[in-house]
Amino acid sequence: MSTQLPHQLLPGAKEVPFAEIEGTLSRLVQDGRRRSRAPARSLTATVVVVGEPARLVSAADALAQLGEAGGVRTILISQGDQPSPTALVTEHSIAIAGLAPRYIDNAVASLRLSSLPALVWWRGGSIEALDDVAGLADRLVLDTESPDETWARAQTFLEETAVTDLRWARLTRWRALLAHLFDLPRVREAVASFNRLSIDAADVPAARLFAGWLQTSLRWPSSNQISIRRVSADGKSPLERVQLEGDRLTITLHVPSTRTCLHASVGGEDGMARVVPLGDGALTALIGEELGIRTRDLAFERALGAARELSVS
Amino acid sequence: MSDAPGSGSNPLLDGLRIEPTPDPTTLVIFGASGDLTRRKLLPALYQLSRGQRLPARFSVIGVARSEMNDDEFRRQFHDSLKEFAGVEKADEVSGTLVRGLSYLFGEMDDPALYARLARTLQESHAPDGVLFYLAIPPTVYGKVVEQLGAAGLTRPSTPTGWRRVIVEKPFGTDLDSARALNAVLHQHLEESQIFRIDHYLGKETVQNLLVFRFANGMFEPVWNRRYIDHVQITAAETVGVERRAAYYEQAGALRDMVQNHLMQLLSLIAMEPPITFSAENVRDRKLDALLSIQPLLEDGAKTNVIRAQYSPGWVNGSEVPGYREEQGVSATSVTETYVALRAQLDSWRWAGVPFYIRTGKRLAKRTTEIAIQFRRPPLHIFKRVSPTPIASNLLVVNVQPDEGISVRFEAKLPGSRMQLAPVMMNFRYGSAFGSAVPEAYETLLLDAMLGDPTLFARHDFVEASWALITPVHEAWRTSGPAAIPMYEAGEWSPREADAMMAADGRRWRTL
């Protein structure tokens, strides 16, 4: 695994020894202020991203955009075997390459903004380090390609740290649209009769979370039928189609060919159809949304527990 | 399964990050062809729909005098989105909303119009939650509500239904007219059904005042006469009367700004902590604050209210006419375009702390802010080494355009000498959170649909505010044109307003 961080990760960054990060940050802030003569911006949180270098690039882009709009300090860390590697530093961002997992928590503890919330965005790496950084995070956002191992570990510290998965944020529109439909009297009356769920999804773990959410929210017995089918798609949405069926009613949600919205229908009736925008699924928007949340998400935790038990046909 | 969720509650709402969604709603806009509808209401509905804040069953019935059919109203909707919401062409969101738009036209006092409205509501199987929005001239508020009442439209037809009415400002023109209008509304509606809108209260920074004061332990202990010297509330505009001369000639700055917006700001600054963040608790405490203001004309020795009118001048590098030269304005008009006043509150917290309010058109800069000036330290121990007087601590709440909060305090200048200088510590919504702040009308429309009146004015607040303002108008009414001082457009204030402050040993803040 490469431990080198590409310079385009933080354009214009200074490369400094680990011990000089804090001093460099202070100097850069002062220099920036002298240059622009603008008042210092209010910083509101620290975002720590841990992952392989390739996955840090997209995170750095997203956080750079977020930083243009709001005040966050970002710390990007790729894992390696060095206790004190060099770092790239800009006014509000730090990138550290090849840091040994056992020192990640020390690095985060020394570089995070004191007294302000810290969000850890976990994009992969040593699972042992996850335990350590979770203890420093006010909110832990999981975002790994194969989430089973991290999901299993995350379930052990739900009591101490507010945990979520970025997939959960991607599902918000789908969940909200379905919840809207459950306000319709005809749907409300049929709640107890729903017993079959089928999902076509580009992201199967997301489909498992969605199914787990529905299963726990509707308090389904294990005998109810859940099927998840993997389909290929353009990546704009984690799910492509959801069908919830009962003996009295069928609800269908799907992404139409325009690829910009979500369409919902109840029992095939036009009068109860609903169209909502697909929403901004960009990493910037998703992580920005996560920054606004501080509390435990019990619905996610229940969904996570159920999702781990689901097998995919 | 025995414990499956029943039909009583929505089992999927738990933990949903989307904010509460109103019950199924039909929005009936009176004045649907007007400026407010096009500029504010229709774009707000579009943004709410984009954010999935509208209920699954939502429809709009536009009502106005202009002859128009459903399709023309729908075209107006698209035009409005293009002009005021930057939506260049129809999309899925506007398409969904358009399907729920319909239009009725007729005279506002014609019972047949209301019979057709009732029939439309019934035949379209529209939701039984109905929100009437009175985006019409204030002179017809009473007539419309009377007709709604007579047609049986102010009462829901099902146990779960509801009826609410949003009333735009101005709510009356003086105390008597406000009382009369409240009486008409109360003949047909409960107070809980009436939502008197003041768009200032929908602004994020104004709502943040409550959070700032009551969710922080460090400010409330010093929020009183012992530590605060005075408060200055400023709402300054660079524009003139624009196309509103007909309205403004009758209203003036005192009615247009002070009676509603600025009294709301004052009450939020001066109110005692509510027991809970419930609409009634918050509004009770705001009313207390307003009721504690001494009558503005009873302080015989001092001039508590200054009015003025702008004369020709320069604003933002452009030469502008005086008020009396504006189109639609009388050449002998004595309508005030500027008001400055001193309010004294009779309460344990604020006794002896003046609240200065100023508002005007064609001033040097567009800004709305609340500045709380603290008392100086009792002893200047640095006087011998740094003889410059210490600047008072200042807490400034910027309402618009650059929403945020700043604190001014003294700091030591770097160097071997002990020199002091004031510095500002700034918090800005834009740079700290970045996220787009919702338009006030989005917030307020949604709150009305949800039935949350916290950010709306209650009848007693409106009347208490008019009770303060009306005697001032009465006094002005008896004086002639020569009595109104003038200020040059582009200046900050007339001499008389500066003199009012100087008499108290204070100065207006330089903005």
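This is a predicted model: local features need pLDDT of at least 70, side-chain atom pairs count only at pLDDT 80 or more; totals for chains, interfaces and linings use all residues.
Visitor: Let's start with chain A: how many helices and strands does it have?
Guide: The secondary structure of chain A comes to eleven helices and 14 strands, and the C-alpha trace spans about 65 × 40 × 35 Å along its principal axes.

Visitor: I'm looking at β2(A) now; how many of its residues are buried?
Guide: Six of the six residues of β2(A) are buried, so the strand is largely enclosed by the rest of the structure. A45(A), V47(A) and V49(A) point one way from β2(A), while T46(A), V48(A) and V50(A) point the other way, and all of them are buried.

Visitor: Which strands pair with β2(A), then?
Guide: β2(A), residues 45-50, pairs in the parallel sense with β6(A) over five bridges, and six bridges join β2(A) to β3(A), residues 72-82, again with a parallel run. V47(A) illustrates both pairings, in that its bridge partner in β3(A) is T74(A), while in β6(A) V47(A) stands opposite L119(A).

Visitor: OK, on to β6(A): is that strand mostly covered or mostly open?
Guide: Strand β6(A), residues 118-122, is mostly covered, with five of its five residues buried. A118(A), V120(A) and W122(A) point one way from β6(A), and L119(A) and W121(A) point the other way.

Visitor: What are the bridge partners of W122(A)?
Guide: W122(A) is the bridge partner of V50(A) from β2(A), and in β7(A) the bridge partner of W122(A) is L142(A). The pairing of β6(A) with β7(A), residues 139-142, is parallel and extends over four bridges.

Visitor: Switching to chain B, what does the overall picture look like?
Guide: There are 13 helices and 17 strands in chain B, and its C-alpha atoms fill a box of roughly 80 × 70 × 45 Å, taken along the principal axes. Buried residues make up 41% of chain B, and among contacts between residues at least 6 apart in sequence, 78% join residues at least 24 apart.

Visitor: How far apart are the centres of its two domains?
Guide: The C-alpha centres of domain 1 and domain 2 of chain B lie 36 Å apart; the assignment places domain 1 at residues 25-168 and domain 2 at residues 201-437 + 458-503.

Visitor: Which residues of the largest nonpolar core touch the most other members?
Guide: Of the 126 residues in that core, V28(B), I29(B), F30(B), Y133(B), L134(B) and I357(B) touch the most other members. The largest share of this core, eleven residues, comes from helix α8(B), residues 245-270.

Visitor: And why does this core lie between the domains?
Guide: Domain 1 and domain 2 of chain B both give residues to this core, so it lies between them. There is also a second, separate core of 103 residues, which includes A62(A), L119(A), A137(A) and A306(A).

Visitor: What is I29(B) in contact with, leaving aside its neighbours in sequence?
Guide: Beyond four places in sequence, I29(B) is in contact with T37(B), L41(B), V60(B), G62(B), V63(B), Y133(B) and A135(B).

Visitor: Last one, K286(B): why does it count as buried?
Guide: K286(B) has 23 C-beta neighbours inside 10 Å, and it therefore counts as buried, the cut-off being 20 or more. K286(B) lies in helix α9(B), residues 279-291, and, leaving aside neighbours within four places in sequence, is in contact with S267(B), L268(B), M271(B) and F461(B). K286(B) and F461(B) are 175 residues apart along the chain, with their C-alpha atoms separated by 7.9 Å.

Notes: Residues are numbered from 1 along each chain as its sequence is written. Chains are lettered from A and ligands numbered from 1 in the order in which they are written. Helices (H or I, at least four residues) and strands (E, at least two) are DSSP runs, numbered from the N terminus. A residue is buried if 20 or more other C-beta atoms lie within 10 Å of its own, exposed if 12 or fewer, and partly exposed in between; C-beta atoms are placed from the backbone. Two residues are in contact if their C-beta atoms, placed from the backbone, lie within 7 Å. Two strands pair if DSSP finds at least two bridges between them. A nonpolar core is a set of buried Ala, Val, Leu, Ile, Met, Phe, Trp, Tyr and Cys residues joined through C-beta atoms within 7 Å. Domain bounds come from an automatic or database domain assignment.
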